[in-house]
Amino acid sequence: MGIVVKILRTIFLVLLGLFFFVPLLAMARFAFQSVPVVLLTPEKLLEGWSLAGLFEVFGNPEFQRATLISLQLMVLAILITLVLLLPVAALVEIRAPQLRTAMTAITLLPWVVPPVALVVGVAATFRSTVPWFLASPYSLVPFYVLWALPFSYRALDAGLRSIGARTLYEAARVMGASTFTIIVRVIIPNMIGAIIAASVLTAALVLGEFAFAALLLKETLPTFMAEFQRSEPRAGMALALSVMLLTALIIWIGVRALRKRGMDLQAAGV
Amino acid sequence: MRRRFDTATVVVAVPFLAFVGLFLFVPTIGLAIKAFTPGGSFGFSAMQRALEGTYRTAFINSLSLAVTSSLLGGVLGLLLALSLKSLTRPKWLRSTTDSWSAVAAQLGGIPLAFAFIAAIGTQGLITKLLSLVGVDIADSGFSLSEFWGLVVVYLYFQIPLMFLVMMPAVGGLKSTWGEAAAIMGSSPGRYWRSVALPLLVPSFLGGLLLLFVNSFAAYATAYVLNPGAQLVPLQIRFLLQGNVITGEQDLAYAIVLWTISLLLISLLLIAVLQRRTAKWASS
Amino acid sequence: MRRPFMKMAVPALAAGALLLAACSSGSSDSGSSSAAPESSAATSAAAGAECGTTIEEIAAKAKEEGKVNLIALPDTWANYRGIIDSFVEKYGIEAPVMNPDASSADELTAVETLRGQPDMPEVLDIGPSFVEQAKAAGYLESYKPVVWDEIPESLKGEDGTWVGAYYGVLAIATNATIQPNVPKSWADLKKPEYKGQVTINGDPREAGAAFAAVVAAALANGGSYDDVMPGLEYFAELKKLGNLQTIDVTEAAVLSGEVPIALDWTYNFPGLRPALEEAGFDFQVVVPSDGVYGGYYAQSVVTEAPHPCAARLWLNHLVSDEGALGYLEGGAIPARYAALLEKGLISEEIAANLPPAETIAAIQFPTQEQVDKAKALITENWGPMVADQ
């Protein structure tokens with residue numbers, strides 16, 4: 001690779017890095033320093049810094065409750081996504097690749113229909129059958145699974161394609177294995193990277209999803225943060241920043257652990 | 001022996017179809033029905049109004065915003081994937097980018113919008129720093145609330161999204177191929193055209209579609225930066241979730257129906273393009 | 001390999017989905033549950049009548065219920081935090097607020113979605129435009145609070161379906177540290193020094209405060225409640241001059257100074273004041289001298305409430321003296337302002353937070369027809385006239 005290309009690459013990465021980092025920096029400065037930009041002078045640079053607002057929130061019982069619920073919803077959403085989607089994705093890739101376009105359409109649809117339309121529509125159905133469903137906080141799980149479909153289906157589908165699931169399947173069939181055995185003992189173990197990727201994206205999404213939770217009057221981490229940002233703008237931004245960084249950190253740890261085990265996320269990404 | 005009703009197929013397909021049917025199809029069909037029965041009786045008035053005047057402007061604006069942010073975000077995301085693939089040092093860069101992208105890809109709303117306001121808004125940190133050096137952002141006409149401001153903010157989640165989409169394809173580009181091609185005397189351009197691009201293009205097109213839908217439907221960020229922007233998701237919100245307009249749900253559902261049609265058209269377009277490039281790749 | 005199952009399954013499921021959707025969309029059209037509006041209201045009213053007629057009786061029954069589900073009441077909006085706290089302290093009843101940022105439409109959606117469930121919101125706080133819709137859907141209970149007679153005519157529904165417990169005036173709030181020249185009228189706002197600084201809270205097609213700004217601007221420029229076109233023209237001009245900034249008035253944006261001049265209800269500012277002063281900003285709120293618009297929100301007990309007595313108690317609390325003082329602290333004008341004035345409950349301090357007494361006395365609210373007409377005009381014209389420029 002030429003030296004020119006290498007230099008360009010470095011410049012590009014640095015610029016992009018700045019693009020992603022600087023807004024966060026500005027947000028952090030606003031969150032932790034109570035001096036507004038217009039009054040900021042070199043003398044005042046070190047004035048007004050405080051982490052107190054952030055620590056106060058962590059001790060807030062409402063916050064803790066909301067976080068717990070969000071974490072539970074996250075785990076459930078991941079489980080149901082995998083249970084529902086993995087077999088279907090495998091089936092489409094192995095047996096019916098002509099359905100891929102239809103699946104793409106179906107899995108992109110949730111982003112096009114506004115959440116309020118989905119909630120009102122689902123409520124109408126459930127009211128006559130199982131009215132208490134929407135009152136339970138777990139009613140958010142199906143909506144979250146739906147909302148994550150564009151990401152999660154993509155991740156699983158890409159994973160299946162990259163391991164050559166079709167070939168694997170056909171080879172195993174020739175040797176007499178049943179479809180079920182093949183999926184469980186051949187396909188899935190080779191797809192751990194993609195499964196992790198799908199789970200991680202679903203997790204990040206659940207921890208950031210606001211619309212459905214607000215419409216169904218549930219208290220989750222994002223709804224707590226939204227209200228908190230209204231009454232305490234500074235601490236609210238600090239909280240948002242912390243949640244972002246913590247989520248990234250947890251994902252980072254997971255990704256590193258995988259890489260050590262040789263299960264490259266990259267090979268199966270999204 | 002051919003099994004027509006394979007147990008596996010049934011076990012697998014039914015739960016998924018039932019889930020998608022109940023939570024996605026039923027509401028969508030419900031709203032489609034409402035879009036075609038404005039005011040209780042069958043008619044096209046809602047569908048027609050959804051394409052006129054201020055709603056037409058909103059469609060055009062949303063379209064250009066989505067196309068621009070998808071193309072820019074797509075190209076930059078692809079370049080990011082390519083750059084990181086060939087980079088082996090520093091070691092932490094890859095995993096950091098992976099993890100940060102997962103978080104950034106679904107960022108939006110007040111935190112994202114405000115991060116940019118805090119950086120390059122009229123009272124932004126960077127704005128102030130630049131003004132000390134004599135550069136005035138506001139004077140140049142740039143505003144976070146206008147088109148290019150929105151594009152810049154949207155890029156914050158579009159680029160990571162495309163990065164995540166392209167990683168498997170880029171990962172499949174074995175570096176040895178490039179070396180082999182060079183050894184055999186082909187130019188870098190030839191390598192790209194015959195080997196790399198055909199491998200990357202299908203995923204890239206699929207990623208563009210994802211980015212397009214993501215940005216067309218993105219509403220929370222736009223709402224904070226410019227609640228009055230003429231964009232489709234905001235218009236829908238005015239009609240369905242506002243404090244002023246009442247009784248216009250059918251119009252909103254008509255707009256949604258047109259958006260779904262747009263999605264299907266783009267999907268078909270991308271599928272056609274993917275098939276074309278697959279042919280070109282194998283030729 | 002044939003997939004006949006798939007071929008059959010998809011159309012079958014699609015047909016099933018269509019059937020389900022048609023049935024459910026038919027029943028949810030009016031938004032009410034299976035019972036007709038009148039009968040549900042009747043059964044509710046019957047249940048409610050058992051709550052009692054004096055505050056003490058209602059409080060006793062409410063205490064047994066233990067909780068009232070509230071919605072759409074942000075902490076810093078008209079000091080709802082203080083009002084809720086005083087309610088909880090006085091009566092010992094829980095009053096959780098779900099989805100504080102809910103719009104009026106969201107509130108009605110929530111009632112529809114959670115109808116019959118223990119979580120259903122029990123008292124609504126909606127914009128006046130939504131009262132008709134809520135009434136038609138059968139959501140509004142005809143309940144007249146104990147102090148009904150002291151509430152002015154223009155702030156209550158004849159049939160007892162709603163009261164306007166508080167109202168506010170549209171004011172101009174200026175961050176005087178960033179903009180020392182504080183604008184005092186609508187005409188002032190056109191001055192070139194305010195380039196890129198004037199902000200309305202949201203879009204008039206969606207937000208009550210922004211709608212109010214347009215109507216108030218109309219009043220200041222030769223229009224009236226029947227003709228709000230001058231208001232649209234005013235904002236079109238403001239946009240053309242470059243004075244109108246289109247960012248949303250979020251608390252963080254005000255605190256960072258991004259929004260130097262905000263047009264919003266008087267009661268939206270006191271909540272922010274402490275943070276602003278801590279930051280070192282000089283924040284001044286002025287009611288424009290040339291166009292005064294008073295806007296109220298309608299409160300109503302919801303039919304088929306899971307905790308009917310607690311809901312009635314809450315409504316009574318809002319219009320009681322404590323509730324009224326709570327609103328005053330938040331910069332809002334309570335419905336029974338005149339009554340409180342007579343009782344001498346309005347101190348100097350409180351009066352300082354409010355617009356001058358003459359302004360309050362002169363406030364007139366538009367009728368439902370005038371609001372509808374203004375709505376239609378703004379919805380059609382704001383886009384082409386202002387947003388597109």
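**Helix packing and chain contacts of chain A**

The crossing of α3(A) and α9(A) is right-handed (clockwise; a crossing is left-handed if the near helix is turned anticlockwise from the far one by less than a right angle, and right-handed if clockwise). Helices here are DSSP runs of H or I with at least four residues, numbered from the N terminus. This is a predicted model, in which local features need pLDDT of at least 70, side-chain atom pairs count only at pLDDT 80 or more, and totals for chains, interfaces and linings use all residues. Residues are numbered from 1 along each chain as its sequence is written, and chains are lettered from A and ligands numbered from 1 in the order in which they are written.

Helix α3 of chain A spans residues 61-94 and helix α9 of chain A residues 192-206; they pack at about 145° with axes 9 Å apart. Axes are lines fitted to C-alpha atoms, for helices over the stretch in contact, and angles run from 0 to 180 degrees between N-to-C directions. Among the residues that meet are A:S70, A:L73 and A:M74 from α3(A), and A:I195, A:A198 and A:S199 from α9(A). Contact means C-beta atoms, placed from the backbone, within 7 Å. This helix contact holds nine nonpolar, four polar and no charged residues (nonpolar: Ala, Val, Leu, Ile, Met, Phe, Trp, Tyr, Cys and Pro; charged: Asp, Glu, Lys and Arg; polar: the others, Gly among them).

Between chains A and B, the contact takes 70 residues from chain A and 65 from chain B. On the chain A side, α1(A) supplies the largest share, twelve residues. That side divides into 54 nonpolar, eleven polar and five charged residues.

Towards chain C, 32 residues of chain A touch 41 residues of chain C. Here α5(A) gives the most, with eight residues.

Methods:
Two residues are in contact if their C-beta atoms, placed from the backbone, lie within 7 Å. Helices (H or I, at least four residues) and strands (E, at least two) are DSSP runs, numbered from the N terminus.
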